[in-house]
Amino acid sequence: MIQFQYKREKNNILISLKTDSTQYGTFHRIATIIYALKLDILSGELGTIDENGVQFTVDSFILQAEDNNTTQAAFQLGVMMDSLFSQNAKFEEILEKLQIPEPAVGTFFKESPEFIFTDLTEKNQTCLYLESSAGRGLLYYVSRILMENKINIISATIETDQESGRAKDSFYLTSADGAMFASTSLSEKIRNEILAPLQTKIV
């Protein structure tokens, strides 16, 4: 099930979606479609709500089209989201058809990136604060690594500082077993995997 809405605001697209898909990797699927359609996430809110015992993912984003063709991009986005969350959809097949190029990861982390993991004991969640150079594909790249490590995104706030052009994002996470992990080796593993292309370039 997916409810998808969008509207244009100047050169941006405002979208909101609600789906009963709440397993880890849900946001990565959304970020993948957005990146594939050459859209950039300027800001957003991710959340999980409970309605009568059923959990839903509820997200909203402000997107920017690379070529300012917002009407066509918004229509394509709606079609792709519907396909993505249909019961018969296979994400791997969708990826193969899209032939998505890898983002230039080095450009995101060229100026003092920050990755701060903090355990929030009152929520039993780990907060990952990410600050780096913004750019199309950053959230696609980071969310893929979180998915590969079976990290569940409970909620998130995505922001782009208009003056500095830096992404300032906060993700509230749990591990595959529903636990916090800032003080475990998992947080360092995720950090190393995110920064791996940068380290390779330096070497």
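Trainee: In β8, which residue is the bridge partner of serine 155?
Mentor: That's tyrosine 172. Before we go on, this is a predicted model: local features need pLDDT of at least 70, side-chain atom pairs count only at pLDDT 80 or more, and totals for chains, interfaces and linings use all residues. Residues are numbered from 1 along each chain as its sequence is written, and side-chain values use heavy atoms, with hydrogens and water left out.

Trainee: And how many bridges join β7 to β8?
Mentor: There are 5, and β7 and β8 (residues 166-174) run antiparallel. Strands here are DSSP runs of E with at least two residues, helices are runs of H or I with at least four, and both are numbered from the N terminus. Two strands count as paired if DSSP finds at least two bridges between them.

Trainee: What about β7 and β3, how many bridges there?
Mentor: 3 bridges, linking β3 (residues 39-51) to β7 (residues 152-158), again antiparallel. One to look for is glutamate 45, which has threonine 157 of β7 as its bridge partner.

Trainee: Zooming out, in what order do the strands sit in the sheet?
Mentor: The order is β1-β2-β4-β3-β7-β8-β6-β5, an open sheet of 8 strands with antiparallel pairing. β1 (2-9) and β5 (114-120) are at the edges with a single partner strand each, so one side of each has no neighbour in the sheet. From one strand to the next, the twist averages 20°.

Trainee: Which helix packs on the sheet?
Mentor: α2 (residues 70-84) does, touching β1, β2, β3 and β4, and its direction makes about 175° with that of β1. Touching, or contact, means heavy atoms within 4.5 Å. For the angles, axes are lines fitted to C-alpha atoms (for helices, over the stretch in contact), and values run from 0 to 180 degrees between N-to-C directions.

Trainee: New topic: is α5 mostly buried or exposed?
Mentor: Buried: 9 of the 11 residues of α5 (residues 138-148) are, so the helix is largely enclosed by the rest of the structure. Among them are Leu138, Tyr141, Val142 and Ile145. Buried means under 20% relative accessible area, exposed means over 50%, and partly exposed is in between (1.4 Å probe, protein chains only).

Trainee: At what angle do α1 and α5 pack?
Mentor: About 155°, with the axes of α1 (residues 26-36) and α5 9 Å apart. That's why α1 and α5 are called roughly antiparallel; the scheme is under 35 degrees for roughly parallel, over 145 for roughly antiparallel, 65 to 115 for roughly perpendicular, and oblique for the rest.

Trainee: Which residues of α1 meet α5?
Mentor: Phe27, His28, Ala31, Thr32 and Tyr35, and on the α5 side they meet Leu139, Tyr140, Ser143, Arg144 and Met147.

Trainee: Where is asparagine 52, and what is its phi?
Mentor: Asparagine 52 is in the loop between β3 and β4. Its phi is also positive, about 55°, although it is not a glycine. Asparagine 52 is exposed, with a relative accessible area of 82%.
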